[in-house]
Amino acid sequence: MAKPRRAFLTRLALVAACGGSVLAQTPATQGADERALLDRYCVTCHNDRTLTAGLSLQSLDLEHVGENAGEVERWEKVVRKLRTRAMPPPGRRRPAEAEYERAATRLETALDAAASAQPNPGRRPAVHRLNRAEYTNAIRDLLALEIDGRSLLPADDSGYGFDNIADVLSVSPMLTERYLSAARKISRLAVGDTTLAPAIRIFAVNKYLKQDGRVSDDLPFGSRGGLGVRHTFPVDGEYVAKIYLSRTYDGRVRGLANPHQLEVRLDGALVERLTLGGPRLDDEGRPRRSDYRNAPDDGQEVRFTVGAGPHLLAVSFVDQASVLEGMRRPHYAVTSYEYAGDQTVDPGVGRVELRGPYNVTGRGDTPSRRTIFSCRPPVDAVASGSDEVACAREILGRLGRRAFRRPVTEADLEMLLGFFEMGRADGDFDTGIEMALRRVLVSPDFLFRRERDPDGVAVDAAYTISDLELASRLSFFLWSSLPDDALLNLAERGGLRRPGVLETQVARMLADPRAGALVDNFGGQWLYLRNMALVSPDPYAFADFDANLREAMAREMELFLDAQMREDHSVLELLTSDQTFVNQRLAEHYDIPNIYGNHFRRITLDGALEPRRGLLGKGSLLTVTSYAHRTSPVVRGKWLLENVLGTPPPPPPPDVPALVENDDSGELPRSMRERMEAHRANPVCASCHRVMDPLGFALENFDGIGRWRTTSEAGTPIDTAGELVDGTPVDGPASLRTALLKRPESFVTTVTEKLLTYGLGRGVEYYDAPAVRRIVREAADDDYHWSALIAGIVRSVPFQMRRTLGS
């Protein structure tokens, strides 16, 4: 009797959702209405014979939507197309707006009712390797130690747009070797190894960084160029900074014709000030010419004593307040051949080599040692070995619990104590802890997040995951790191699911600085921010693009997204916000006056700056969605379809001809629109480009590096007019924003799906759609604030549950 009752409840919900106008309809007449709509607008293409896009709607059962598991995936595709107005395609007859809403609502209600009766949370892989960012953060939180994960581990593969997807995080023999090597280096750095041999660490300055002013907040005011690096010194002792200056392309040191002062600072305190350059005299005191290829000022060394632990090493020139008299120098772009060979440019830092340690005096008192050594065995001569073992047991039990994200067993402790004794035999107590720590860091319980099916659960059945597994999911979602003690304590007591507890923990964790991982890892991949380090705009087309601008663009997006999340704005403000962050370099690029210095400050975008509101006006996003030498309406349109509208286009067919580029043949250059119209004349290309191109052309006022322009490459006025797939006209960024928010739930749904993909570590599937709709509906009551979306995801079926293996 369960199935007829569920069908009755589904129909009752449909009637309630669709309003009183359908109260008199029977299930048969409702199904007839939807069948008529499908036959009129959809089945012409999506039938059993043509199977357009591999989809047939001809024989779907409209009276029992959601009850036939084999049809659910097709119904979810229909709902997505209806909600985004993506079908019927442009040029075809389309339903009225009321028909779209009525059909989508009825289908969603039926599908959601069926999903509520039989939840399908999907199955996350049982073993989920930590990616490089998670490993780095876990070391930081476990040992109070900042490491450079990029130098220790290779980059991870990505899937579904993110690099924390369990299915693609495989383990190779090479990666295993890297984990072993990383564990050895990290354990020695955390404990402090006085037997370390001197080593060299190189910190290079990007050759396209203009060093004509203060370039970092880590450097003092009044400085010019250079770099500031936060480095963890392994032990107390002496270290040497060897400083190499920037050179021209043919090897001459820049700017040494005049004297300059170079400062080396440690934690802000001056270590040494060097005077470099100045006239070079012969034996008779007369100036002599030099090409400065082997200048003695290059490669100078500064030796200093420093305690173990994290310190800020800064190397920079003193900025000269005066300008030397003489002919005004021409301005060369940093990417130009002229700049590369200009020896008269003020000197800059090319790289700093940090060497050491020398004359080691001790392990030091570092944050990591204070975190690890919660106890110390007695130091008197009569202390027994049992005192050391008891202290080691306490240390390793505490570290093991955090690292393994569960209570440690006696077998865990015995295994770790065995490694402690092995290390203790070759050294002192600290050496034993170092060896045991090395074993912790290569343990599968640390490197992998593991979820086990409980005993007694049927095959292919949904079950609620344990509190410890939920705590791990939550911490890696919000922090990309281990659960802290507060979260672990709750999970061990089984208290995470008590009323209000989970919501309180989510709020606490979002307020923690570690929640910045959402910006770095979720936002950095969703908004292509990580790609900023890889783009290489053509130096001839965009001569003004330099490393200063690259860093400023990336920092603007980071600060913008961080403010949106931490201040708990509505997700919709990602598209509409009139706030952004700029420094002088970025303000010049955006034509914003009266912004000086390298420091970022918050500004309001009004008046002529309104086109830059929200994501669509951010230089980083506009740059990474362009080609090296020009804009790409196709790439920008595709990004909007995938990441804003949630309707990714199909892959292009094979052998599609490339877009004809402007060249030096003597013909007049053509605008992007003219070339795209010629490209679209090919019927193979037209169907997809009709959907993508209007979105991209609306942003055509922004060039390939995000500068505002009003004329095209051909010298003609930019034409941004177009019509979206649902018939909405657009003409520039402002009207595009309005069009994208015409149905705000579509954008919120896309953001929710991206967050859910990132939070689960797997792709969102058709059976997750009811959970996504519920999250969006509940967040609507709170104006789609970030906290509401994240809390909804944490409460959702896919996040709280898991399915056992099928037969």
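Q: Where is Thr750 found?
A: In this predicted model, Thr750 sits in helix α26, which spans residues 744–760; helices here are DSSP runs of H or I with at least four residues, strands are runs of E with at least two, and both are numbered from the N terminus. Residues are numbered from 1 along each chain as its sequence is written, local features need pLDDT of at least 70, side-chain atom pairs count only at pLDDT 80 or more, and totals for chains, interfaces and linings use all residues. Side-chain values use heavy atoms, with hydrogens and water left out.

Q: Is Thr750 buried or exposed?
A: Thr750 counts as buried because its relative accessibility is 2%, where buried means under 20% relative accessible area, exposed over 50% and partly exposed in between, with a 1.4 Å probe and protein chains only.

Q: And what does its side chain reach?
A: The side chain of Thr750 reaches the backbone nitrogen of Gly646 at 3.2 Å.

Q: Which residues is Thr750 in contact with, leaving aside neighbours within four places in sequence?
A: Thr750 is in contact with Glu642, Asn643, Val644, Leu645 and Gly646, contact meaning heavy atoms within 4.5 Å.

Q: Switching to Asn701, where does that one lie?
A: Asn701 lies in the loop that runs between α24 (683–697) and β14 (721–723).

Q: Why does Asn701 count as buried?
A: Its relative accessibility is 10%, so Asn701 counts as buried. Not counting residues up to four places away in sequence, Asn701 touches Arg707, Trp708, Arg709, Thr710, Ile718 and Thr720.

Q: What about Ser472, which helix is that in?
A: Ser472 belongs to helix α14, residues 467–478, and with 10% relative accessibility Ser472 counts as buried. Apart from neighbours within four places in sequence, Ser472 contacts Arg405, Arg449 and Pro483.

Q: How far is Ser472 from Gly637?
A: Their C-alpha atoms are separated by 37 Å, and the two residues are 165 residues apart along the chain.

Q: Zooming out, how many helices and strands are there in the protein?
A: The protein has 29 helices and 16 strands, and 52% of its 807 residues count as buried.

Q: How big a box do the C-alpha atoms fill?
A: Taken along the principal axes, the C-alpha atoms fill a box of roughly 105 × 85 × 45 Å.

Terms used
Polar contact = N/O pair within 3.5 Å; in protein donor to acceptor, adjacent residues only side chain to side chain.
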